2 protein chains.
Amino acid sequence: MKSKAVIDALSALANEHRLAVFRLLVQAGPEGQPAGAIAEALDLPASSLSFHLAHLNRAGLITQSRDGRSLIYAADFTAMNGLVGFLTENCCGGASCAPAVAPTQKKRKAS
Amino acid sequence: MKSKAVIDALSALANEHRLAVFRLLVQAGPEGQPAGAIAEALDLPASSLSFHLAHLNRAGLITQSRDGRSLIYAADFTAMNGLVGFLTENCCGGASCAPAVAPTQKKRKAS
DNA sequence: TCGATATTTCCAGTATCATCGAATTATTGG
DNA sequence: CCAATAATTCGATGATACTGGAAATATCGA
């Protein structure tokens, strides 16, 4: 996962409403939820929700598909996997966030 | 980790420069780096960097300590651990981002 | 085709974020 | 105490994000 994609994903999740939407979709599983149900569950005006859904979609965190009049949104678990993977590898010093104590030897910047 | 803290951490990392700073500090390990070294490594004006460091610090992702004239910043691995933990548990459907397929039964919101 | 439903796009107003030079604060050595 | 060094805070400016009602678009059922 590229740095730019990571930043897009992070900023997409870095919002109260979008984080709530995403969590809801994760709980909903691969089947997803129509926009209307999300709006009702989170008590958000349709236009505001649409803005947030578009944001999450642009960031690649959710997918959109149509079912009749409804647009179904679902969490993209692969993308989320990529994000968590990046954070673990690049921001936790590898492993599972182990403090990276006693590094075998200080990593020296090449030249 | 509370939702508010998660959002603070996510929005702190959702910026090109701050993500670079954080990664640098992760690589630097628990000993951290003085602000000046970071500014030089990332080629950022001192005042801009200071703004970003304050942001990361407010979010709890880095710690600050003084060593003479220098202010040493270091990644807070515990906080990062908490963030990744939250994302894994709440945004990946538990496990390690398994698609959470075939949920035993739909979780119903308690009244 | 028409009316109802589901959702998005448009738009304007407000708010928050990012930038960076200049001024300020903290610390050290002499 | 003073000059030098390290870093922060201030302040003004420009950019970007969020909000939500009204209008537009897509789809369905009859």
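**Close-up views of a predicted two-chain model**

View 1. Together β2(B) and β3(B) form a hairpin with 2 residues between them, and in the turn B:G68 has a positive phi of about 65°.

**View 2. Packing of helix α5 of chain A on helix α5 of chain B.** The two helices, each spanning residues 77-91 of its own chain, pack at an angle of about 165°, and their axes lie 11 Å apart. Because this angle is over 145 degrees, α5(A) is roughly antiparallel to α5(B). The crossing in which α5(A) passes α5(B) is left-handed.

**View 3. Residues at the contact of α5(A) with α5(B).** On the side of α5(A), the contact is made by A:M80, A:V84, A:L87, A:T88 and A:C91, while α5(B) contributes B:M80, B:V84, B:L87, B:T88 and B:C91. Sorted by class, this contact has 8 nonpolar and 2 polar residues, with no charged residues.

View 4. The secondary structure of chain A comprises 5 helices and 3 strands, and its elements, read from the N terminus on, follow the order α-α-β-α-α-β-β-α. Of the 111 residues in chain A, 40% are buried. Among the contacts in chain A with a separation of 6 or more, 55% are accounted for by residues 24 or more positions apart.

How values were computed: Residues are numbered from 1 along each chain as its sequence is written. Chains are lettered from A and ligands numbered from 1 in the order in which they are written. This is a predicted model: local features need pLDDT of at least 70, side-chain atom pairs count only at pLDDT 80 or more; totals for chains, interfaces and linings use all residues. Side-chain values use heavy atoms; hydrogens and water are left out. Axes are lines fitted to C-alpha atoms, for helices over the stretch in contact, and angles run from 0 to 180 degrees between N-to-C directions. Helices (H or I, at least four residues) and strands (E, at least two) are DSSP runs, numbered from the N terminus. Angles under 35 degrees count as roughly parallel, over 145 as roughly antiparallel, 65 to 115 as roughly perpendicular and the rest as oblique. A crossing is left-handed if the near helix is turned anticlockwise from the far one by less than a right angle, and right-handed if clockwise. Contact means heavy atoms within 4.5 Å. Ala, Val, Leu, Ile, Met, Phe, Trp, Tyr, Cys and Pro count as nonpolar, Asp, Glu, Lys and Arg as charged, and the others, Gly among them, as polar. Two strands pair if DSSP finds at least two bridges between them. Buried means under 20% relative accessible area, exposed over 50%, partly exposed in between (1.4 Å probe, protein chains only).
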